[in-house]
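Keep the sequence at hand as you read.

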Amino acid sequence: MSSGSPFYPGPGATPDALSPRKEICNYFSAYPIYSLAWSRREDRSSMFRMALSSFLEEPTNKVQIAQLSPHHDPSHTPERPDFGVVGEVNVDYPLTKLLWHPPTNGYAQPDLLAGTGDSLRLWECEQTSEPAEMGLYKTNMHLRAKMTTRTDYSEPITSFDWNQVDPRLIITSSIDTTCTVWDIETQQAKTQLIAHDREVFDVSFVANSRDVFVSAGADGSIRMFDLRSLEHSTILYEAPAAVAPSSSDPNLGDAAYYPSNGGVPAARLSSLVSPLLRLSCNAIDSNYIATFALDSHIVSVIDIRNPGTAVVQLVGHQAPIHAISWSPTSSSQLCSAGADSRVLVWDIQQAITTRQHQQRQALAAAAQAKQLSKLTAAGRGDYDDGRQSPKSPASASGAQTSNAIQAVAQAAAAQALTQQPTNVAPSLTYAARLPVNSLAWHQNSPEWISIGFGNTIQTLRL
């Protein structure tokens, strides 16, 4: 964290503890902002360039390209913009996500920007020599492709991801329960599959893989697929079912009907599985995926090597979470933002180390229990081949049995401990003025995180 970082350590501090608050760059839009994405290029003329889209309940939405002005205010004046608009196009409906073309050995000319909403769109973005505002130069945005699976009507696309290994591939998710893989060179769908039982809300390729991707949906599950074998999939995680009394229960309002311990009658329950809204794949360690559910205040981190349960839970938000992102350069850092106007940075390294230690202890305890059980069986004369062993004194046999029981109990307790997620508190906190709808971690300069709230984008330095 830099000395002028706008973040403050720990949940007990306040932003006023750091004075002056520097290293914040502003962009003020004329429209409410929903999606944003940093350019992935490393050249100085493009690296501090971002794409953003509006959220208007009418067919007059905008996609803009904003770039850091060479005349930006290094001392951070809150009311002064640091980014200027260099390109803009109109779209009918709000976009659910934006992404720039992944970095390659040679930069594509012009640069490509993708966005999803009612369709998958590709824009060619080419910088010109025509002056724009704030000492910048205009960028022409030409619509290269508009891709849908149907010519008459297409179900809304909820999210997408651009393959880092093979940038020709883009995968989209939709409310029609499907995921579709697109070839942007042919502008055709390569394959489409039914991924979930209900709407699919997010999809992402696993880091460093051309073929493996994961999806999250309204059925409360995260599923893993492989393009080389689509007839099979793996359920990595299912959100815990929330339970509530059935609305048809005639005794619903009768307090005497409920157990004294605060529970509800099992025969009168209906399961409510929380939809999983977003997921984020770790950019460094492909084993870890972060996700959160509808109206949840907690981010769950899962390990694909141990499917079924969360290994870490990030506890710190006081209102529903809206966005999450892993650090592009650290396997243990991630950021989240939500309706509580808080942007939280987490480091799960200690939690992962602790859990790995618990798993080693559980394995050692299980091995010890197995060995003592064998010795106890031998002491009773229970050889595997049916032979009778020499009779041992009753006291020795009883001690062996007691030790075996104790070892089994310890092994069970150790194993149960590994099935419980480790709770982690945030390491850094930033307080925005309004609920934060989106965030983007800069790929080439990971000390910068951008957040969107209201009609404002703030770029914060860690």
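A salt bridge here is a side-chain nitrogen of Lys or Arg within 4 Å of a carboxyl oxygen of Asp or Glu. The model is predicted: local features need pLDDT of at least 70, side-chain atom pairs count only at pLDDT 80 or more, and totals for chains, interfaces and linings use all residues. Residues are numbered from 1 along each chain as its sequence is written, and side-chain values use heavy atoms, with hydrogens and water left out.

Begin with the sheet. Helices (H or I, at least four residues) and strands (E, at least two) are DSSP runs, numbered from the N terminus. Two strands pair if DSSP finds at least two bridges between them. By that rule, 4 strands form an open sheet in the order 3-4-5-6, and the pairing is antiparallel. Strand 3 (33-38) and strand 6 are the edge strands. Each has a single partner strand, so one side of each lacks a neighbour in the sheet. From one strand to the next, the twist averages 20°. That angle is taken between N-to-C directions, on a scale from 0 to 180 degrees, with axes as lines fitted to C-alpha atoms (for helices, over the stretch in contact).

Now look inside the sheet. Strand 4 (residues 49-54) and strand 5 run antiparallel and are joined by 5 bridges. Which residue in strand 5 stands opposite L52? It is Q64.

Turn to the charges. Across the whole structure, a search finds 15 salt bridges. One of them links the side chains of E88 and K62, at 3.7 Å from N to O. E88 lies in strand 6 (residues 83-91) and K62 in strand 5 (residues 61-68), so this pair ties together parts that are 26 residues apart in sequence. Are the two partners buried or exposed? Buried means under 20% relative accessible area, exposed over 50%, and partly exposed in between (1.4 Å probe, protein chains only). K62 is buried, at 16%. E88 is partly exposed, at 39%.

Next, find K138 and E130. Their side chains form a salt bridge of 3.2 Å, N to O. K138 has a relative accessible area of 33%, so it is partly exposed. E130, at 42%, is partly exposed.

Finish at R210 and D211. The closest N and O atoms of this salt bridge are 3.2 Å apart. R210 is partly exposed at 31%, whereas D211 is buried at 12%.
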